[in-house]
Amino acid sequence: MLSSDFANLASEAERMVSFGADWLHMDIMIDVNMQDGHFVPNLTIGAPVIESLRKHTKAYLDCHLMVTNPLDYVDQFGKAGASGFTFHVEVSKDNWQELVKKIKSNGMRPGVALKPGTPIEEVFPLLEGENPVEMVLVMTVEPGFGGQKFMPDMMNKVRTLREKYPTLDIEVDGGLGPSTIDTAAAAGANCIVAGSSVFGAPESAQVISLLRTSVNKAQKTC
């Protein structure tokens, strides 16, 4: 939704769902006390926007928090109506177990994200503990900006995850569209985040359908 018209967020959400989107991916870039961004340089939306949007949609709100202290935001996003809460492994190495428990207690699905420069092995403990995360988000661009180019070498991380965890939800975010979806799907990604390629297309519904078809086809051949 980072590529949507923020002045018409509710109608944009309704439009995407009507076009076949399963989830609405919300990029959360804000830090403590709503000051300037620390984990990423840009600021986007916070819990009040999620709360407002929830009043207009029943869709799954997939919230990706690019913040330094995700633990500080769990309660407010849970109350706001977020469906999923994905935090970054780079800022949660010391408290991820507490974080996952709190996310689940607030009725949200926990996920962990990693930046392009972070080795995939760093998320393994979060998938194998007593209280594991339920999704891994592999960033195929640097977090913080929309419209970046897809990094194909990040698909090695996706392949590693799919081989090690066959039933895991693996999400990819960054530069996904008609020209890159087959690469991501073949690697094993089953949750696709697409922004500018969907919102900037003359026929957004056709792009969503193409992405879904590619993923479904790849899953059948696994």
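**Rings, sheet and cysteines**

Modeller: At 21% relative accessibility, tyrosine 60 counts as partly exposed. Buried means under 20% relative accessible area, exposed over 50%, and partly exposed in between, with a 1.4 Å probe and protein chains only. This is a predicted model: local features need pLDDT of at least 70, side-chain atom pairs count only at pLDDT 80 or more, and totals for chains, interfaces and linings use all residues. Residues are numbered from 1 along each chain as its sequence is written, and side-chain values use heavy atoms, with hydrogens and water left out.

Biologist: How many aromatic pairs does a search of the whole structure find?

Modeller: A pair of aromatic rings is described by the distance of the centres and the angle of the planes. Rings of Phe, Tyr and Trp (its six-membered ring) pair if their centres lie within 6.5 Å; planes under 30 degrees apart count as stacked, over 60 as edge-to-face and the rest as tilted. The whole-structure search gives 4 aromatic pairs.

Biologist: What kind of aromatic pair do tryptophan 23 and tyrosine 60 form?

Modeller: Their centres are 4.4 Å apart, with 20° between the planes. Tryptophan 23 has a relative accessible area of 27%, so this residue is partly exposed. The pair is stacked.

Biologist: What kind of pair do phenylalanine 124 and tyrosine 165 make?

Modeller: Both residues of this pair, phenylalanine 124 and tyrosine 165, are buried. The ring centres are 6.0 Å apart and the planes stand at 65°, so the pair is edge-to-face.

Biologist: Which residue has its charged end over the ring of phenylalanine 124?

Modeller: A charge sits over a ring if NZ of Lys or CZ of Arg is within 6 Å of the ring centre and within 35 degrees of the ring normal. Here the charged end is 5.1 Å from the centre of the phenylalanine 124 ring, and the residue is lysine 164.

Biologist: Which strands stand at the edges of the sheet?

Modeller: Two strands pair if DSSP finds at least two bridges between them. The 7 strands form an open, parallel sheet in the order β1-β2-β3-β4-β5-β6-β7. Two strands have a single partner each, so one side of each is left without a neighbour in the sheet: β1 and β7 (191-193).

Biologist: Which residue in β3 stands opposite histidine 64?

Modeller: β2 and β3 pair in the parallel sense over 3 bridges. Histidine 64 also has aspartate 27 opposite. In β3, the residue opposite histidine 64 is threonine 86.

Biologist: How many residues of β3 are buried?

Modeller: Both faces of β3 are covered. On one side Gly84, Thr86 and His88 are buried, and on the other Phe85 and Phe87. The count for β3 is 5 of its 5 residues.

Biologist: How many disulfides are there?

Modeller: A disulfide is a pair of cysteine sulfur atoms within 2.5 Å. The sulfur of cysteine 63 is 15 Å from the closest cysteine sulfur, in cysteine 191, so the two are too far for a bond. Cysteine 63 is buried at a relative accessible area of 0%, and cysteine 191 is buried at 10%. The count is 0 disulfides.

Note on methods: Helices (H or I, at least four residues) and strands (E, at least two) are DSSP runs, numbered from the N terminus.
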